[in-house]
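Subject: Two-chain model, handover and findings

Hello,

Here is the structure I promised you. My notes follow below it.

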Amino acid sequence: MTDTMIFIQILTIFVLAVFVGFEVITKVPPILHTPLMSGSNAISGITVIGALISLGQEAELLAMSLGMAALFFATVNVVGGFVVTHRMLKKFKKKD
Amino acid sequence: MDLQSIANLGYLIAAVFFILGLKRMSHPKTAVQGNLFGALGMFIAVVITLVTQGILNIEYILIGIAAGTLVGTLLALKIKMTAMPQLVGLFNGFGGIASVLVAGAALYLELAAHGAAVAADYQFTVSIAASGIIGAVTFFGSIVAFGKLQGLVTEKPVRYPGEQVVKVLLAGGAIAVGVLIVLDPTVVLYYWIMAAIAGLLGLMLVLPIGGADMPIVIALLNSYSGIAAAATGFVLNNSILIVAGSLVGASGIILTRIMCKAMNRSLANVLFGGVGAVVETKGG
């Protein structure tokens, strides 16, 4: 595949995912606003995949250090994000 | 089947879990399951990446994941219930800085592999600039939001004459240096200067906003960190970064609007000032 073909392909994925994102949440009760924000924030930690790919290559110290730092921060975002969301949701359950 | 096809198939499964997860997280009965779906999608994406992408340096990767998991879990479990919003803000900032660092690393790696020929790849250079700018705004904006809620930065709106002009100049400056990177990606220093200016913009965007509006700001910055991750996906030609990033980017904007409505706020007012005036009108 040429570069242009790859670009059009991932652009298609991007545009369709944006539309899904606009539609996927509609009515959210106020009590779920913060947990939903927190849970989707954990999903935005998907950059962890980018960090794995950049750290996983043969590279000089500088690029590796950047990849390592990125991996640490993204993992905190992902793991901490899902755990704290779980805690929030559990708390609401007890209240009911 | 070749490894890249297996990877893309795995990423597709992860994407389905992310979409179902978001959907379920917005209903009280299914919210816990939705969050677990999100975590499962992330787990699948990580494992698929490790087995299909010819990953080296596995010892460093394990150290990075272990350290991040430890710190993230401790913070998430030890934090007081009342301090959760600022923790989400902090986590969100970490996602933003990770995008800045991944795009920076990608630039070094491509320059080492292809030298000046990188300049011909506009998809790569433009998305690197986008990733750096949006990621840095997210990080520094989130740090201020965290500081305001944690009481480290004044909760009061910090307003000054010429505020909007300063923001426009910083945004213009970051974009101008971003254009320099696209024109000559061999000067990596441009990238860090651009990220620094964008970081300053992030600070200046959030400082003038009052502490009570921080949840809305964090929701918006969450959307930004999604967009930054999607831009990083264009840097690396990676479908799951693009799908998950743009899902969060788009749904984050919808959530921000829903939260604004619930709090009787106009998004434009939260972002560009006049918040106090709006409250008075609503009260009267």
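Start with one helix pair. Lys167(B) and Glu163(B) both sit in helix α6 (residues 163-183) of chain B, 4 residues apart, about one turn of the helix. Helices here are DSSP runs of H or I with at least four residues, and strands are E runs of at least two, numbered from the N terminus.

The ground rules are brief. This is a predicted model, in which local features need pLDDT of at least 70 and side-chain atom pairs count only at pLDDT 80 or more, while totals for chains, interfaces and linings use all residues. Residues are numbered from 1 along each chain as its sequence is written, chains are lettered from A and ligands numbered from 1 in the order in which they are written, and side-chain values use heavy atoms, with hydrogens and water left out.

Salt bridges

The structure holds 3 salt bridges over all chains. The rule asks for a side-chain nitrogen of Lys or Arg within 4 Å of a carboxyl oxygen of Asp or Glu. Lys167(B) bridges to Glu163(B), with the closest N and O atoms 3.2 Å apart. Arg159(B) also meets Glu163(B), at 3.3 Å, N to O.

Glu163(B) is buried at 5%. Lys167(B) is buried at 6%. Arg159(B) is partly exposed at 40%.

The remaining bridge joins Arg265(B) and Asp213(B), whose closest N and O atoms are 2.6 Å apart. This pair links distant parts of the chain, 52 residues apart. Arg265(B) is in the loop between α9 (239-262) and α10 (267-272) of chain B, and Asp213(B) in the loop between α7 (188-206) and α8 of chain B. Both residues are buried.

Helix α8 of chain B

α8(B) covers residues 214-236. Its 23 residues should span 33 Å, and the end C-alpha atoms are 32 Å apart, which agrees. The expected span is 1.5 Å times one less than the number of residues. Of those 23 residues, 19 are buried. Asn237(B) follows the helix, with a positive phi near 55°.

Ser225(B) lies in this helix. Ser225(B) is buried, at 1% relative accessibility. A polar atom of its side chain is 2.9 Å from the backbone oxygen of Asn222(B). Beyond its neighbours within four places in sequence, Ser225(B) is in contact (heavy atoms within 4.5 Å) with Ser44(A), Asn92(B), Gly96(B) and Thr138(B).

The interface

Chain A and chain B bury about 7200 Å² between them, 81% of it on carbon and sulfur atoms. That area is the accessible area (1.4 Å probe) lost on being put together, summed over both parts. α1 (3-24), α2 (33-44), α3 (47-55) and α4 (61-95) of chain A each supply at least two residues of the side of chain A that touches chain B. α4(A) gives the most, with 29 residues. The contact takes 73 residues from chain A and 88 residues from chain B. How many salt bridges cross between chain A and chain B? The rule finds 0.

Best wishes

Conventions:
Buried area is the accessible area (1.4 Å probe) that two parts lose on being put together, summed over both. Buried means under 20% relative accessible area, exposed over 50%, partly exposed in between (1.4 Å probe, protein chains only). A polar contact is a pair of N or O atoms within 3.5 Å; within protein, one must be able to donate a hydrogen and the other to accept it, and residues adjacent in sequence count only if both atoms are side-chain atoms.
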